[in-house]
Amino acid sequence: KLLALTQESDRKEMLSRTYKQRLSSMSGGLTPLHVAAYRGNRKVVAQLLAACPTSIDILNDDKMTCVHCAALKGEESIVETLLASSPDLIHAVDAKGNTTLHLLLEKKRGKYKSIPSREIIDKLWKMNPAALHAVNKDGNTPFHHAVATRHESAIELLQWSLTFDEVMSVRQRCGTWSVARFKPLMNEQCKELAVVLIPDVV
């Protein structure tokens, strides 16, 4: 019924075999809003929200919200639109323990995911500061993902809020990054972090 609100071309695109393959990493229970959010189709997202506002709260079989789907693909504008409609979704955690920030900073999947901007990372972090310290079932925080993907803006923005134990965990799980890369991110207020992550910086 919800898909009937969209144009025929939109429906064909959303339900195409190729598109289903791109969603193969997700379990069942996907709603049209999950699909549109993942696809980054702002027009369809707006239509679905207008027609059925409560659909924004539906979880798929992996307990993923439509915001999670948008973050997984790196669709920043969709993430912002959905959170504007339902800010409480920023606190949602999927079946694997991932927050929206985890999924946004997760290693990109081929050519289908863009690199998240500093602005969206800052916004999500400020909306839910606890997400920075959330550990998923793989033992990773969003900062682990930032280091693993070498996202300099995310590291620069988030590193100052880490605890000593969290820094040690990053070093153990992700290894040390090159001194040349990390030096611009360090300052005197964070000498301890520099010593732990990269012993020869100080």
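Leaving aside residues up to four places away in sequence, Val79 touches Val67, Ala70, Ala71, Thr100, Ile120 and Leu124, where contact means heavy atoms within 4.5 Å. The model is predicted, so local features need pLDDT of at least 70 and side-chain atom pairs count only at pLDDT 80 or more, whereas totals for chains, interfaces and linings use all residues. Residues are numbered from 1 along each chain as its sequence is written, and side-chain values use heavy atoms, with hydrogens and water left out.

Val79 is also among the residues with the most contacts inside the largest nonpolar core, a group that includes Leu33, Leu82, Ile121, Leu124, Phe143 and Leu158 as well. This core has 41 residues, and its largest share, six residues, comes from helix 5. A nonpolar core here is a set of buried Ala, Val, Leu, Ile, Met, Phe, Trp, Tyr and Cys residues joined through side-chain atoms within 4.5 Å. In soluble globular proteins, nonpolar side chains tend to be buried together.

Helix 5 is largely enclosed by the rest of the structure, because eight of its eight residues are buried; buried means under 20% relative accessible area, exposed over 50%, and partly exposed in between, with a 1.4 Å probe and protein chains only. Helices (H or I, at least four residues) are DSSP runs numbered from the N terminus. The buried residues are Cys66, Val67, His68, Cys69, Ala70, Ala71, Leu72 and Lys73, and they pack against helix 3 (32–39), helix 6 and helix 7.

At the N-terminal end, Thr65 caps helix 5 through a side-chain oxygen 3.2 Å from the backbone nitrogen of Val67, while just after the helix Gly74 takes a positive phi of about 80°.

His68 lies in helix 5 and is buried, with a relative accessible area of 0%. A polar atom of the His68 side chain lies 3.0 Å from the backbone nitrogen of Thr65. Not counting residues up to four places away in sequence, the residues that His68 touches are Lys63, Ala92, Val93, Asp94, Asn98, Thr99, Thr100 and Leu103.

Lys63 itself belongs to the loop between helix 4 (42–51) and helix 5 (66–73), and it counts as partly exposed at 48% relative accessibility. Its phi is near 60°, a positive value in a residue other than glycine.

## Helix 8

In helix 8 (residues 118–127), the buried residues are Ile120, Ile121, Asp122, Leu124 and Trp125. They pack against helix 6 (76–85), helix 7 (100–105) and helix 10 (152–158).

Notes
Helix = DSSP H or I, 4+ residues; strand = E, 2+ residues; numbered from the N terminus. Polar contact = N/O pair within 3.5 Å; in protein donor to acceptor, adjacent residues only side chain to side chain.
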